[in-house]
Amino acid sequence: MKAEILPPLSATVHVKPAGWRWGIRLWLPLFLVWLLLIPLFLLALPFLFLAAMIFGFRLLRTLGAVLALLAGFKKTRVEVEHPAARILIKLH
């Protein structure tokens, strides 16, 4: 698999409450989430194949598009500021 089509494998969450000098920084291993979702995907695969046959869409092309969409989330940075706290989320 090319590295360009892999979904984000980790995230960094930085929370800084108002009045604190430093914030709390957490590293979240998203690859563990993907590992947990693989069995669910395998269970749903026959139903997806059946839906593809009924509605007439190409299953492999659709799965490739979903994977490309997830890969597009790499290097995403979400920053939320509120008077009570500041939150920064980075996907790697």
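**Strand pairing, burial and helix packing**

Author: S1 and S4 run antiparallel and are joined by seven bridges. The model is predicted: local features need pLDDT of at least 70 and side-chain atom pairs pLDDT 80 or more, while totals for chains, interfaces and linings use all residues. Residues are numbered from 1 along each chain as its sequence is written, and side-chain values use heavy atoms, without hydrogens and water.

Reader: What makes S1 and S4 a pair?

Author: Two strands pair if DSSP finds at least two bridges between them. S1 and S4 have seven, so they qualify. One example is Val13, whose bridge partner in S4 is Ile89. Strands here are DSSP runs of E with at least two residues, and helices are runs of H or I with at least four, both numbered from the N terminus.

Reader: How do you know that S3 and S4 pair?

Author: Strand S3 (residues 77-81) and strand S4 (residues 85-91) share five bridges in the antiparallel sense. Arg77 stands opposite Lys90 in S4. With three residues between them, S3 and S4 form a hairpin.

Reader: Which strands are the edge strands of the sheet?

Author: The open sheet has four strands in the order S2-S1-S4-S3, with antiparallel pairing. Strand S2 (24-28) and S3 are the edge strands, since each pairs on one side only. From one strand to the next the twist averages 10°.

Reader: Why is His14 called buried?

Author: Buried means under 20% relative accessible area, exposed over 50%, and partly exposed in between (1.4 Å probe, protein chains only). His14 has 16% relative accessibility, so it counts as buried. The residue is found in strand S1 (residues 11-17). Apart from neighbours within four places in sequence, His14 is in contact (heavy atoms within 4.5 Å) with Gly23, Ile24, Arg25, Arg86, Ile87 and Leu88.

Reader: Is Lys75 buried or exposed?

Author: Its relative accessible area is 79%, so Lys75 is exposed. Lys75 lies in the loop between helix H2 (59-71) and S3. Its phi is positive, about 60°, although Lys75 is not a glycine. Most residues other than glycine have a negative phi.

Reader: What makes the residues of the contact of H1 with H2 nonpolar?

Author: Ala, Val, Leu, Ile, Met, Phe, Trp, Tyr, Cys and Pro count as nonpolar, Asp, Glu, Lys and Arg as charged, and the others, Gly among them, as polar. The contact is made by Trp34, Phe41, Leu45, Leu48, Phe49 and Ala52 of H1 and Leu59, Leu63 and Leu70 of H2. The division is nine nonpolar, no polar and no charged.

Methods. Axes are lines fitted to C-alpha atoms, for helices over the stretch in contact, and angles run from 0 to 180 degrees between N-to-C directions.
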